[in-house]
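The tour moves from loops to helices, then to rings, cores and surface.

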Amino acid sequence: MILGEKIMELRKKNGWSQEELAGKLKVSRQSVSKWESAMSVPELDKVLQLSEIFEVSTDYLLKDDKEEDYVPGNPETAAMRKVTMEEAQEFIRVRKEASLWIPAGVAACILSPAPLFLLLGMWEEGRLMISEDMASGIGFALVLLIVAAAVGNFILTGMKLGKYEWMEKEEFELCYGIAGMVKERQEAEAAGFSRKIAVGVIFCILSGVPLFLLSVLNGNETAQTGGLVFLLLMVAAGVYLLTSAGIRKGSYEQLLQEGDYTREAKEASRIIGRIAAVYWCVVTAVYLGWSFLTGNWHSTWVMWPVAGILFGAIAGVVKMK
């Protein structure tokens, strides 16, 4: 196989057009076309760039008799599962969809108590011609409907992500060209991730300000209900942004096996997952029990940020060890 044929094969293996490859090399599309048709030969500096872009040796590119140099031959990784370009692109696409649907489900769960608070607030003001029990019943029914819809969303999205669950637990190897593609996309979206995370954190921090001010100023019941709903809206928006950025950012880190997806991090995640399954069930049970027994729904919400901070500390200790 001659140089031109190798350039064409590697370009197609990476899913690039001649224009895309030309852009990476800062040459014209016609130059790439001439190389692939053997009408001309790239200069030495372009051969070196091709070697870096395709992640192959210059020997493989320049020597016609070297046909398999681009196939990994490391005996330590030979048994690892390999991810092809098609698999990587499909994984990124599925995770991109999940970064919209999963955060939407989480936000819906956070907002689910809002109808209950509004109905009870309207009843206390005499705006509803129904009993308190009926208002509470309708409110709880709406909460359950919203949570049920969110859970259904989680299940459907989880089914799509299930085929890639092994990536979170096992080590794998990327076929040539994939790492470069993933890193390019990661760098292109890095600024967007930072903006989402910053805005999400700001929303969560500021969410309780109106309710706090109303409590200090002894605002009426209507104002406090509005402040509570505003708090839920702000937290839901902040968590949506944080979760969305985390899923998209995590998809690239998962393919590159960086950050939370190194060998050590995968083991720590398995342990944290077992802890989380018990921890958040206990927190939810305590929150509901505390709120129903005291009736102080306007103040018991403070348990969630405290629980979140405590869980972050627990996860940090697990990762350190």
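Where is Gln-257 found? Select Gln-257: it is in the loop between α12 and α13 (263-294). Helices are DSSP runs of H or I with at least four residues, strands are E runs of at least two, and both are numbered from the N terminus.

Before going on, note that this is a predicted model, in which local features need pLDDT of at least 70 and side-chain atom pairs count only at pLDDT 80 or more, while totals for chains, interfaces and linings use all residues. Residues are numbered from 1 along each chain as its sequence is written, and side-chain values use heavy atoms, with hydrogens and water left out.

**Stop 1: positive phi**

Stay on Gln-257. Its phi is near 55°, a positive value in a residue other than glycine. Most residues other than glycine have a negative phi. Gln-257 counts as partly exposed because its relative accessible area is 23%. The cut-offs are under 20% for buried and over 50% for exposed, with partly exposed in between (1.4 Å probe, protein chains only).

Now select Lys-26, in the loop between α2 and α3. Its phi is near 60°, again positive in a residue other than glycine. Lys-26 has a relative accessible area of 74%, so it is exposed.

**Stop 2: helix α4 and its cover**

Select residues 44-54, helix α4. Its buried residues are Lys-46, Val-47, Leu-50, Ser-51, Ile-53 and Phe-54. An α-helix has 3.6 residues a turn, so residues three or four places apart point the same way. Contact here means heavy atoms within 4.5 Å. Step past the helix to Glu-55, which follows α4 and has a positive phi near 60°.

From Ile-53, draw a distance to Gly-180. Their C-alpha atoms are separated by 7.1 Å, although the two residues are 127 apart along the chain. Gly-180 is in helix α10. At 24% relative accessibility, Gly-180 is partly exposed.

**Stop 3: aromatic pairs**

How many aromatic pairs does a search of the whole structure find? It finds eight. Rings of Phe, Tyr and Trp (its six-membered ring) pair if their centres lie within 6.5 Å; planes under 30 degrees apart are stacked, over 60 edge-to-face, and the rest tilted.

Select Trp-16 and Phe-54. This pair is stacked, at 5.9 Å centre to centre and 25° between the planes. It links distant parts of the chain, 38 residues apart: Trp-16 sits in the loop between α1 (3-13) and α2 (18-25), Phe-54 in helix α4. Trp-16 is buried at 10% relative accessibility, and Phe-54 is buried at 1%.

Next, select Tyr-279 and Trp-280. This pair is edge-to-face, with 5.1 Å between centres and 90° between the planes. Tyr-279 is buried at 13% relative accessibility, whereas Trp-280 is partly exposed at 27%.

**Stop 4: the cores**

Which residues touch the most other members of the largest nonpolar core? Select Val-83, Met-167, Leu-174, Ile-178, Met-181, Val-182 and Leu-255, out of 22 residues in that core. A nonpolar core is a set of buried Ala, Val, Leu, Ile, Met, Phe, Trp, Tyr and Cys residues joined through side-chain atoms within 4.5 Å. Two or more residues come from each of α6 (85-111), α9 (166-169), β2 (172-174), α10 (178-206) and α12 (221-256). α6 gives the most, with six residues.

Centre on Ile-178. Leaving out residues up to four places away in sequence, Ile-178 touches Asn-14, Val-83, Thr-84, Met-85 and Ala-88. A second, separate core has 18 residues, including Tyr-279, Tyr-287, Ala-307 and Phe-311.

**Stop 5: helices α7 and α8**

Select residues 114-124, helix α7. Its buried residues are Ala-114, Pro-115, Leu-116, Phe-117, Leu-119 and Gly-121. Gly-126 follows α7, with a positive phi near 80°. Then pick Ser-136 in helix α8 (residues 132-161). Ser-136 is buried at 17% relative accessibility. Beyond residues up to four places away in sequence, Ser-136 touches Leu-116 and Leu-120.
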